[in-house]
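Please read the points below beside the model and check each against the coordinates.

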Amino acid sequence: MSTPSDPSQNPESAGAPDPSAVSRREFLLRTGAAGGLIAGATFAGLKLWQPNHFIPGFEAQKGLHLPDYRVTGAKGLPSMAIAHGATHDQTIRAAIGALGGMQRFIQKGDVVMIKPNVAFDRPPALAATTHPDALRTVAKLVLEAGASKVIIADNPINSPTGCFLKSGLRAVADELNLDLLYPEAESFSPLQLDGEILRNWTFFHEPFKKATKVIGVAPCKDHNLCHASMTTKNWYGLLGGRRNQFHQHIHSIVSDFALMMKPTLVVLDGMNVLMRNGPTGGRLSDVKPMGTVVAGTDMISVDSYGYSHLLERDIAELTYIHKAHNRGLGNMNWKDTVYREVQA
Amino acid sequence: MKIRTARRISQVFFFSLFLFFVVISDLRYLKGYPVSLFLELDPLVAFATAITTHTIYKGLLWSLVLLIPTVLLGRIFCNWICPYGILHHFTGWLLGKGRDEEKIRIESNRYRSIYQIKYIILIGMIVAALFGSLQIGLLDPICLFHRSMSTAILPSLNLVFPHTFYVRQYFHIGAWVIGFMLFLLVGMNVVIPRFFCRVICPLGAFLGTISSVALWRIERNPSKCVDCDLCLKNCEGASDPHTQLRKSECFVCFNCIEDCPEDALSFKFVPPLQHELTMPAVQPRRALLGAVVGFGFFGFGRSSGAADRGYDKKVIRPPGSVEEKEFLERCIKCDQCIRVCPTNVLQPSIFTAGLEGLWTPILDNKIGYCELNCTLCSQVCPTGAIQRISIEEKTGLGKFAAQGPIRLGTAFYDHGRCLPWSMETPCVVCEEVCPVSPKAIFSREVTITKRDGNEITLRRPYVDPALCIGCGICEHECPVTDEAAIRVTAIGETRSRERRLLMDGGDTSAVREYESRKR
């Protein structure tokens with residue numbers, strides 16, 4: 001290609017042009033273009049060649065693994081605190097205080113993901129969603145402890161924008177300048193887990209990309225199939241895809257959540273408990289004031305207390321608690337652990 | 001031998017080869033013949049699927065073989081090899097008898113600006129492909145011809161001459177649309193000779209674009225030419241050999257060389273560029289229009305939801321099919337699967353699979369069912385829309401026991417139409433024909449008091465969703481033939497994780513556990 005063309009050979013400038021003659025330069029360019037096209041196509045063809053078939057739907061699956069968000073080095077401090085009081089603010093502060101204060105869990109500069117349960121488009125009084133006062137207090141404590149940013153996110157059953165608006169959580173996010181992340185299609189990535197049923201599932205990954213600590217803030221609710229929805233089942237809202245299949249193995253799935261998520265802290269809001277018609281509720285008469293908040297590092301202990309003392313039922317029937325306990329994912333016998341019960 | 005004779009021999013050979021492949025695409029004759037060879041040779045198929053999937057599936061690499069002569073000699077494919085082009089060449093001659101007068105023929109073969117439409121169509125299809133919607137098969141001549149033969153021509157010939165192509169008559173939903181489209185395109189030869197090839201053909205446009213770099217072409221010697229225009233008399237491509245040759249339009253039929261009384265035309269190596277129009281003449285704004293319309297196939301088609309949450313329960317894809325969005329990236333609507341299917345279950349979708357899925361294969365269990373030990377559709381699929389699976393992979397046997405069978409959907413009972421469920425009549429044909437072991441359909445014996453007071457014991461059938469593979473033979477054999485009492489819908493298909501029914505894929509099914517304990 002680099003051969004310089006001799007102007008005297010150019011038919012345009014020659015005295016007696018041969019109309020069919022082509023300069024050497026042009027000849028090389030044209031044969032080069034043709035050869036280049038063949039060579040390029042052959043190279044690309046071989047490069048892109050898929051010589052083998054695959055079996056659709058059975059491809060090997062990969063996914064991310066969540067880090068462990070627990071904090072260590074809390075000698076002698078309780079792993080669970082039960083606080084009784086009149087308001088969310090007082091009671092939550094008392095419970096966290098009994099655990100050693102939020103500074104035990106949150107260091108300066110932490111990015112904290114708070115996971116409320118906003119599954120339904122319901123007002124706070126119906127106790128089907130995390131109460132805005134609960135979120136406000138936890139978020140304030142986290143910010144007071146020096147967190148640089150608080151993210152709140154959930155993948156609700158009902159329309160996400162409606163859920164966050166009507167549960168009053170968007171107002172809290174606006175008030176305290178929290179990052180509210182809605183579940184968008186791009187927010188999800190596959191999660192890999194060696195669970196009893198949960199193996200590879202699409203996960204609401206976006207809030208965890210920057211988070212260094214994770215706190216679950218869950219209401220205490222009756223559930224039609226799972227018996228109860230508390231701090232363990234709260235993580236359901238981090239999954240995407242065909243969640244309606246979870247009900248085929250609900251207790252296995254919920255116990256797998258204890259494997260999937262190792263949170264920094266969970267808070268069970270038992271100020272007003274949805275006693276029946278869960279998980280949606282719908283009547284104020286379904287709600288019973290219990291004036292209690294349970295906070296702890298072991299969601300199985302917390303849920304165990306919630307089931308027997310807040311929902312006031314027999315723990316023997318709550319299969320997921322036993323599954324998780326037997327797999328060593330938590331301790332359902334909270335009385336055997338270090339715990340404190342305080343009055344706000 | 002005159003070059004025209006050589007060309008005619010080539011045309012007869014390739015046309016016959018095409019028909020041979022069409023006819024032998026049948027379980028009785030198929031013995032490893034490369035029946036999808038023309039599709040694999042088609043560079044537009046390889047190019048467009050490479051855009052959508054970033055891969056070139058198996059035999060599509062053969063398309064390089066066709067690319068090379070095009071780069072060297074131009075669109076030689078169009079008039080020497082393409083069976084659809086040959087059809088139009090022949091019918092154009094047959095229907096063009098009214099153009100016997102030399103002058104009329106010359107005029108009918110002059111280039112017209114509407115011949116740029118094919119480039120605009122090609123641009124639209126490439127834009128759709130860039131977004132993941134493969135639409136070339138709507139008009140690609142090889143796909144179009146295969147589809148017309150498989151769904152319309154052979155079945156209608158078989159109606160007139162029974163048992164020529166099928167042991168039992170085949171039916172194809174929407175065959176009349178495909179058949180009349182073929183008639184329309186052939187009939188247009190009356191208006192414009194080789195209407196399809198000159199105006200519509202996206203493959204011709206693709207090869208025409210490539211042939212802009214071709215090293216050989218028809219060259220006119222202006223000092224010999226007497227401007228008689230006789231070269232236009234039989235010009236197939238309407239490529240203006242009487243003046244500056246439109247390189248991208250020339251079919252390299254060589255008629256002009258033989259028709260020239262002055263020997264002014266020759267097939268020349270690297271002739272001067274000023275004697276040709278190298279690139280296709282396409283007005284940029286019309287090209288933009290083509291691009292916008294092409295986007296519509298993706299934009300409007302995809303947002304209609306048929307490939308997503310709005311999917312139709314009847315979009316049951318052949319075994320080995322890839323997930324729906326990838327299916328739309330791969331399927332060229334050639335309907336080779338439909339041709340080869342031994343039970344006639346495969347049908348061209350009209351709009352069941354959405355706009356983008358026009359003419360793609362879906363199962364209609366009223367007409368046929370998916371034969372358990374058969375993967376013929378996957379063997380002939382040139383693009384891997386149906387991956388070339390083995391029987392073991394399909395049925396989940398041997399090495400594939402752990403992953404289980406490929407499921408096409410799940411069967412559901414309609415109790416109101418089921419004889420033992422609501423009509424006091426014994427039946428369970430469905431259980432009898434269920435091909436998997438243990439059977440996915442099981443029945444429970446019940447004794448009921450009939451309307452006349454007598455007792456009857458009959459069996460009422462149930463489906464175990466962990467075992468059902470969605471083959472549809474239960475639906476096909478159900479005596480309630482207008483709308484069966486058991487029907488398969490797409491839910492539960494393994495190709496799509498979003499469309500599964502059981503979370504564990506049936507792994508924790510009681511029957512499966514029981515079976516494994518027995519072993």
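1. Where chain A meets chain B, the contact takes 30 residues from chain A and 36 residues from chain B, two residues being in contact if their C-beta atoms, placed from the backbone, lie within 7 Å. This is a predicted model, in which local features need pLDDT of at least 70 and side-chain atom pairs count only at pLDDT 80 or more, while totals for chains, interfaces and linings use all residues. Residues are numbered from 1 along each chain as its sequence is written, and chains are lettered from A and ligands numbered from 1 in the order in which they are written.

2. On the side of chain A that touches chain B, the elements giving two or more residues are helix H1 (24–48) and strand E1 (49–50) of chain A, where helices (H or I, at least four residues) and strands (E, at least two) are DSSP runs numbered from the N terminus. H1(A) gives the most to this side, with eleven residues. By class, this side of chain A has 17 nonpolar, eleven polar and two charged residues; Ala, Val, Leu, Ile, Met, Phe, Trp, Tyr, Cys and Pro count as nonpolar, Asp, Glu, Lys and Arg as charged, and the others, Gly among them, as polar.

3. E1(A) is also joined by two bridges to strand E1 (residues 56–57) of chain B, and these strands run parallel; strands pair if DSSP finds at least two bridges between them. Within this pairing, Gln50(A) stands opposite Tyr57(B).

4. Within chain A, strand E3 (residues 111–116) has five of its six residues buried, a residue being buried if 20 or more other C-beta atoms lie within 10 Å of its own, exposed if 12 or fewer, and partly exposed in between, with C-beta atoms placed from the backbone. E3(A) pairs in the parallel sense with strand E4 (residues 149–153) of chain A over four bridges, and Val111(A) has Lys149(A) as its bridge partner there. Five bridges join E3(A) to strand E8 (residues 213–223) of chain A, also parallel, with Val112(A) opposite Lys213(A).

5. Chain B is divided into domain 1 (3–277) and domain 2 (324–518), with bounds that come from an automatic or database domain assignment. The C-alpha centres of these domains of chain B lie 41 Å apart, and their contact takes 33 residues from domain 1 and 29 residues from domain 2.

6. Which residues touch the most other members of the largest nonpolar core? Of its 137 residues, they are Cys337(B) and Cys377(B), a nonpolar core being a set of buried Ala, Val, Leu, Ile, Met, Phe, Trp, Tyr and Cys residues joined through C-beta atoms within 7 Å. Helix H8 (residues 117–130) of chain B provides the largest share of this core, ten residues. Because domain 1 and domain 2 of chain B both give residues to this core, it lies between them.

7. Is Cys478(B) buried or exposed? Cys478(B) counts as buried because it has 23 C-beta neighbours inside 10 Å, and its place is in the loop between helix H21 (473–477) and strand E11 (486–489) of chain B. Leaving aside neighbours within four places in sequence, Cys478(B) is in contact with Val429(B), Cys430(B), Ala484(B), Ala485(B) and Ile486(B).
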